[in-house]
Amino acid sequence: VAVRIAFDGNLARRVYGAADFLAVPSRFEPCGLTQMYAMRYGAIPVVTPVGGLRDTVDAVDASGTKGTGLVARGRTAHDLFLACENALTLYAHKDALAGVVTRAMSRDSSWTRAAAAHLALYASIAAEHKALANSRL
């Protein structure tokens, strides 16, 4: 274990590339890029269920056939500890781990996907508004 209080992009990429898992124990996270970088490099994020972490990391299921990371039940240290234990269990099941890594590395975090989701939401709101307006006539 090491701590380095500084920004070093080259070191960060080496850490992402060398890691099997990366803990992101935020108590508040409006978005977060760390978990998305980790997934792209094949490091499985172990996160707390807050903000952008909840939005970008899909929890691995019990069989390891779905999901892109390990999501703690809550934001406490104990919750994160249990999620780390789940990471160790996943690590012991190499086939399931390989599937999670593949899904994580393949995750589409682009604005194209986000924009399409927003457009679909706006279209559904517009349709509801139109239906409501027509019902008042």
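Cys 31 is partly exposed in this predicted model, with a relative accessible area of 39%. Cys 84 is partly exposed too, because its relative accessible area of 30% falls between the 20% and 50% cut-offs. If you are wondering about disulfides, a search of the whole structure finds 0.

**Around Ala 72**

- You will find Ala 72 in the loop that runs between β3 (70–71) and α4 (77–92).
- Ala 72 has a relative accessible area of 5%, so it counts as buried, the cut-off being under 20%.
- Leaving aside residues up to four places away in sequence, Ala 72 touches Val 47, Thr 48, Pro 49, Asp 79, Leu 80 and Ala 83.
- Arg 54 lies 18 residues from Ala 72 along the chain, and the C-alpha atoms of these two residues are separated by 9.9 Å.

**Where α4 meets α5**

- Helix α5 covers residues 94–106, and its axis comes within 5 Å of the axis of α4.
- The two axes cross at roughly 110°, and α4 and α5 are therefore roughly perpendicular to each other, as angles of 65 to 115 degrees count as such.
- On the α4 side, the contact is made by Leu 90, Tyr 91 and Ala 92.
- On the α5 side, Lys 94, Ala 96, Leu 97 and Val 100 take part.
- Sorted by type, the residues of this contact divide into 6 nonpolar, no polar and 1 charged.

Note on methods: Residues are numbered from 1 along each chain as its sequence is written. This is a predicted model: local features need pLDDT of at least 70, side-chain atom pairs count only at pLDDT 80 or more; totals for chains, interfaces and linings use all residues. Side-chain values use heavy atoms; hydrogens and water are left out. Helices (H or I, at least four residues) and strands (E, at least two) are DSSP runs, numbered from the N terminus. Buried means under 20% relative accessible area, exposed over 50%, partly exposed in between (1.4 Å probe, protein chains only). Contact means heavy atoms within 4.5 Å. Axes are lines fitted to C-alpha atoms, for helices over the stretch in contact, and angles run from 0 to 180 degrees between N-to-C directions. Angles under 35 degrees count as roughly parallel, over 145 as roughly antiparallel, 65 to 115 as roughly perpendicular and the rest as oblique. Ala, Val, Leu, Ile, Met, Phe, Trp, Tyr, Cys and Pro count as nonpolar, Asp, Glu, Lys and Arg as charged, and the others, Gly among them, as polar. A disulfide is a pair of cysteine sulfur atoms within 2.5 Å.
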